[in-house]
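Trainee: I would like to learn how to read a protein model. Could you walk me through a few features?

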Amino acid sequence: MLFKQQVWLRQKLLVLGSLAVGSLLYLVARVGSLDRLQPICPIEGRFGGTSNQAEFPLRALQFKRGLLHEFRKGNTSKEQVRLHDLVQQLPKAIIIGVRKGGTRALLEMLNLHPAVVKASQEIHFFDNDENYAKGIEWYRKKMPFSYPQQITIEKSPAYFITEEVPERIYKMNSSIKLLIIVREPTTRAISDYTQVLEGKERKNKTYYKFEKLAIDPNTCEVNTKYKAVRTSIYTKHLERWLKYFPIEQFHIVDGDRLITEPLPELQLVEKFLNLPPRISQYNLYFNATRGFYCLRFNIIFNKCLAGSKGRIHPEVDPSVVTKLRKFFHPFNQKFYQITGRTLNWP
Ligand code: A3P
């Protein structure tokens, strides 16, 4: 009997102990995250200030990490969302490309900022005729809920290379901010190829080697008909955009630097978007297993990008790499000249 009581008591103590430790850990985590979430500086009135501006970043983060999640799970009614003044806003900035430049990493990293709300999916509104025909309200309804002071950002890398897109975006908002993340063109082309190759392999299909696609076998010159090559001629695409938007409305992100040293690149974007600097080194930590920087929202919540980002590239014949680099060189020079941003490409 006494033994049974002792076992019961021990179990009770164990449960209570676990509860106490759990609560303590939760409190430490909450205090840690709240500390970090306290506004360092208020969000400027640029995005339409309200009376509770100073409170905004903290509330915004609570929304971003909590309420939205609850809403998605169906635990929060639309009425509650309305009570919180949440709205679905058209984007004030768009990451228009470039495919494989690091567009996902850039979007996720910007989303660390309390004033930024990301559209998680690529919406493909402006590049897809069927979607575009559904109208701007359809597009707006695809946007996440946010506070009026926050800015919504979406990314659809196909926008950069699609003929009709600049005019369509211009018609929606002629003063929109446009972000372009680029990588060294040959590396980007190989990354593009790697993604397509993986898709083919998944379907048990064979595919050509990169060398065969990138170099025209008849002329032995670079094959400009190959999409992965064409996409990397950044200046050609940018020139089409410049018929609608002045260069001041674009910001070039160095995708190679975003991999190795993300913070300074993100700080430049914060400046371009007129956001107070709120992303810090705390939010970014290097994960040796992934070989990339990952995101830390607070001491509880952190995440790395999916495995589909950071694929191992196939080995490419060095002579083909050299040929491609030589081919891209004059286009790169022009790109630096137009954008005013010189990158360390060969
Ligand atoms: P690779 O797969 O060639 O390495 P996108 O999101 O536009 O498709 O770009 C994918 C690229 O983002 C990846 O190309 C990867 O190198 C790069 N990238 C940049 N920062 C990253 C990060 N923190 N985690 C994973 N990939 C990142």
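This is a predicted model: local features need pLDDT of at least 70, side-chain atom pairs count only at pLDDT 80 or more; totals for chains, interfaces and linings use all residues.

Trainee: Which residues of helix 7 are buried?

Mentor: Buried means under 20% relative accessible area with a 1.4 Å probe, protein chains only. Helices are DSSP runs of H or I with at least four residues, strands are E runs of at least two, and both are numbered from the N terminus. In helix 7 (residues 165–172), Val165, Pro166, Arg168, Ile169 and Met172 are buried. Seen down the helix axis, they fall within an arc of 165° (taken from the directions from the axis to the C-beta atoms), so they line one face of helix 7.

Trainee: How are two packed helices described?

Mentor: By the angle between their axes and the distance between the axes. Here, helix 8 (residues 185–202) and helix 14 (residues 318–339) pack at about 120°, with axes 9 Å apart. Axes are lines fitted to C-alpha atoms over the stretch in contact, with angles from 0 to 180 degrees between N-to-C directions. Contact means heavy atoms within 4.5 Å. On helix 8, Pro185, Thr186, Thr187 and Ile190 make the contact, meeting Val321, Leu324, Arg325, Phe328 and Asn332 of helix 14.

Trainee: What is the strand order in the open sheet of three strands?

Mentor: The order is 8-9-10, with antiparallel pairing; strands pair if DSSP finds at least two bridges between them. Strand 8 (284–287) and strand 10 (302–303) are the edges, each pairing on one side only.

Note on methods: Residues are numbered from 1 along each chain as its sequence is written. Side-chain values use heavy atoms; hydrogens and water are left out. Buried means under 20% relative accessible area, exposed over 50%, partly exposed in between (1.4 Å probe, protein chains only).
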